[in-house]
Amino acid sequence: MSVGIKIDWTSDFPKARKAVLVTDSNVDRLYGDAIVRQIEDTGLQVERIVFSAGEKSKTLETYAELVRGFAALELTRTDFAIALGGGVVGDLTGFAAATYMRGIGFVQIPTTLLAMVDSSIGGKTGVDIPEGKNLVGSFHLPKRIIRDVKFLETLPEKELKNGLAEMIKTAVLFDAEMFAALRELAAKGAQGGRKEELKKWVERCATWKQKIVDEDFKEGGKRKLLNLGHTFGHAIEKESDFAIPHGEAVAIGMRIVGKDVPEIGKILDAYGFSRVEYGPRSLFLTSGKDSASPLEMDREKILEAIRGDKKRSGDTITLVVPRKVGECELVETPMNDLGGWLA
Ligand code: ADP
Ligand code: ZN
């Protein structure tokens with residue numbers, strides 16, 4: 001299959017002699033050679049750094065390998081890095097580019113749905129440390145984002161779902177028309193050409209995120225809306241020890257804050273995201289696959305995890321609460337009131 005990244009690099013990086021392509025082992029196997037060839041065809045020298053696929057690679061150690069790799073390749077300030085992959089590759093490469101020689105340029109070529117509609121946009125870069133996810137990082141905007149939905153053809157359904165949750169989130173926030181389209185698509189099922197149709201909405205979704213981050217780069221106001229489903233979602237992800245994937249956790253988070261908007265629950269049902277039931281002391285999460293044995297999650301532990309949220313400010317946290325599809329509100333919520341949402 002041909003993915004097209006035929007780009008004239010000289011407009012973005014007029015003095016570059018070299019580019020370093022950073023990718024993970026899966027993406028390298030699928031696309032590494034083809035992409036390297038396409039870059040070389042433009043007359044640029046390109047070197048490749050590959051690390052093993054998975055969130056477990058998003059560490060200071062891999063970051064160190066990258067910046068030391070850049071140094072070993074004698075990359076200069078006018079050269080640049082290319083992140084080819086999902087969010088993990090993008091975050092790591094972006095952070096390495098942000099800090100190597102106090103900052104060199106980089107380009108994102110997102111290959112997962114999540115990265116296309118979400119993580120490649122807005123310049124957040126960083127790594128996880130044992131104390132928490134994304135605790136070390138910086139804002140560093142890519143010079144260019146090259147989105148080619150053809151990459152999605154090889155993306156496993158489970159990974160697609162992570163991106164779908166963010167697409168539904170974007171629709172709930174801003175776009176009732178996209179919401180209706182996504183709702184209809186769900187009925188087609190995973191095998192019924194859903195992926196093909198989804199591709200059409202990728203660009204629209206990415207444009208929404210781009211617009212918000214352009215208006216509010218450092219997350220002083222509007223960008224906070226993008227956190228819909230993420231306050232409870234992150235806490236649940238963490239409490240599950242990251243056994244629950246990001247998209248699934250965000251979907252659960254959207255169910256919790258979206259209780260008053262029944263369409264939200266319905267679209268998440270239609271895509272088979274976990275359901276939530278509220279017990280006196282626990283939440284019960286039922287995944288579509290295994291409805292017989294729900295996962296029990298302690299309410300206090302979820303609240304405890306939110307107390308450690310980066311986005312908490314003092315005794316309050318800003319929740320994004322849907323009023324109707326296409327319209328959500330930022331609600332400053334005292335930490336002591338959060339428990340009310342979990343009942
Ligand atoms: P995310 O974008 O969700 O943050 P990752 O960067 O961890 O996720 O990518 C998720 C997984 O999908 C990784 O194992 C990665 O190697 C793999 N992957 C990324 N892009 C593709 C693709 N286009 N086809 C198949 N697998 C891919
Ligand atoms: Zn997210």
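Trainee: Is Gln108 buried or exposed?
Mentor: Gln108 is buried, at 4% relative accessible area; buried means under 20%, exposed over 50%, and partly exposed in between, with a 1.4 Å probe and protein chains only. Keep in mind that this is a predicted model, where local features need pLDDT of at least 70, side-chain atom pairs count only at pLDDT 80 or more, and totals for chains, interfaces and linings use all residues. Residues are numbered from 1 along each chain as its sequence is written, chains are lettered from A and ligands numbered from 1 in written order, and side-chain values use heavy atoms, with hydrogens and water left out.

Trainee: OK, which strand holds Gln108?
Mentor: Strand S4, residues 105-110. Strands are DSSP runs of E with at least two residues, helices are runs of H or I with at least four, and both are numbered from the N terminus.

Trainee: And what does Gln108 touch?
Mentor: Leaving aside residues up to four places away in sequence, its contacts include Ala83, Gly90, Ser119 and Arg144. Contact here is heavy atoms within 4.5 Å.

Trainee: Switching to ligand 1. How many residues surround it?
Mentor: 17, and Asp24, Gly87, Thr111, Thr112 and Thr154 are the closest. A residue counts as near if one of its heavy atoms lies within 4 Å.

Trainee: Which atoms of ligand 1 do Thr112 and Thr154 approach with their side chains?
Mentor: Thr112 puts a polar side-chain atom 2.7 Å from an oxygen atom of ligand 1. For Thr154, a polar side-chain atom lies 2.7 Å from a nitrogen atom of the ligand.

Trainee: How much of ligand 1 does the protein cover?
Mentor: 89% of the 570 Å² of accessible area that ligand 1 has on its own. Those areas come from the Shrake-Rupley method with a 1.4 Å probe; for residues, only the protein chains shown count as cover.

Trainee: Which helix gives the largest share of that shell?
Mentor: H1, with four residues.

Trainee: Now the zinc. What are its protein donors?
Mentor: Glu166 through OE, plus His230 and His246 through NE2, lying 1.9 to 2.1 Å from the ion, which is ligand 2. Donors are N, O and S atoms within 2.8 Å of the metal (3.2 Å for Na, K and Ca); water is not among the atoms, so sites may look incomplete.

Trainee: Are those two histidines, His230 and His246, buried or exposed?
Mentor: Both are buried.

Trainee: Last one: where is Asp241?
Mentor: In the loop between H8 and H9. Asp241 has a positive phi of about 60° although it is not a glycine, and it is exposed, with a relative accessible area of 66%.

Conventions: A polar contact is a pair of N or O atoms within 3.5 Å; within protein, one must be able to donate a hydrogen and the other to accept it, and residues adjacent in sequence count only if both atoms are side-chain atoms.
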